[in-house]
Amino acid sequence: MPNEESSHRQLLEFLVAAGVETPLDEHPVDRFALSVPPPAKAEVPRPDPEVHAEPRATAGGAPAPLAPDAAIMEARRLAASAPDLETLRALLDAFEGCALKSTASRLVFADGEPGAPVMIVGEAPGRDEDEIGRPFVGRAGQLLDKMLSAIGLNRGNVYVANTVPWRPPGNRTPTPQEIAICLPFITRQIELSAPEILVTMGAPATQTLLGQKEGILRLRGRWFEYGLKGRPIPALATLHPAYLLRQPSQKALAWRDLRALRAKLRHLA
């Protein structure tokens, strides 16, 4: 009869042949549960940064400038909402759509008498205007005062503004984009002031407000119609005082334009 050791060896050989790799333990083990892998941890989807991005800001934390098209639309909305000149000034002062505001010292809105018979519109403020906050106060402004005085006008009976109310760096010419962004504001300013005659000084103001493409030497001295809320008003194109300081020989042409303005005022009186 086989001894005990021989019996154990035969049992082990049988178990190995049967594929048993793990011996029995003192406690029951669910081998089926161990064979099933644990469920994978659900991954929380991350939001698409392009879809859920917050509004971008500049390095200083201020909102980034509006895109040009958006700035023009916002300028139109704000300008149309202004019921009077004081509100328009406040809206323009808070407007962030024009990059010129960040380089200028202050807003240069207007000077003179709102609602005066004559409204004069120039191009943009210069250094002196930027420092003081009123248009036409430098050398060009002093020449303008003399020109007005020659036909019996002064700052008390004219209203003066610019197509762009912030000084461009280095007194450069405003870009077409800058003019387009500011156009709704000067247009509304003219509407609210409601002058009897509009005088545009220099090529940028004349081309912008009167829709002309020729140079100022071809346009000056000519009368146009400016549509003021369906009521066309006469508009005179003339030379900018700053140009006359550079080209004194052209003052004779400006004097002709001033006499034409005086004659028109007498006709409308």
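A nonpolar core is a set of buried Ala, Val, Leu, Ile, Met, Phe, Trp, Tyr and Cys residues joined through side-chain atoms within 4.5 Å. Buried means under 20% relative accessible area, exposed over 50%, and partly exposed in between (1.4 Å probe, protein chains only). The model on screen is predicted: local features need pLDDT of at least 70, side-chain atom pairs count only at pLDDT 80 or more, and totals for chains, interfaces and linings use all residues. Residues are numbered from 1 along each chain as its sequence is written, and side-chain values use heavy atoms, with hydrogens and water left out.

**Stop 1: the core.** Select Phe95, Trp166, Ile190, Tyr226 and Leu261, the residues with the most contacts inside the largest nonpolar core, which has 62 residues. Helix 8 (residues 176–193) gives the largest share of this core, six residues. Helices (H or I, at least four residues) and strands (E, at least two) are DSSP runs, numbered from the N terminus.

Now centre on Ile190. Leaving aside neighbours within four places in sequence, Ile190 is in contact with Met119, Val121, Pro195, Leu198, Leu209, Tyr226 and Leu228. Contact means heavy atoms within 4.5 Å.

Stop 2: Six of them form an open sheet in the order 1-3-2-4-6-5, with mixed pairing; two strands pair if DSSP finds at least two bridges between them. At the edges are strand 1 (111–112) and strand 5 (223–228), each pairing on one side only. Select 118–122 and 197–201 next: these are strand 2 and strand 4, which run parallel and are joined by four bridges. Val118 stands opposite Ile197 of strand 4.

**Stop 3: salt bridges.** A salt bridge is a side-chain nitrogen of Lys or Arg within 4 Å of a carboxyl oxygen of Asp or Glu; the count is nine. Select Glu74 and Arg77, which meet at 2.7 Å, N to O. Both lie in helix 3 (residues 68–81), three residues apart, about one turn of the helix.

Move to Arg155 and Asp111, also a salt bridge, at 2.7 Å, N to O. This pair links distant parts of the chain, 44 residues apart: Arg155 is in the loop between helix 7 (139–149) and strand 3 (158–162), and Asp111 is in strand 1. Arg155 is buried at 18%, and Asp111 is buried at 14%.
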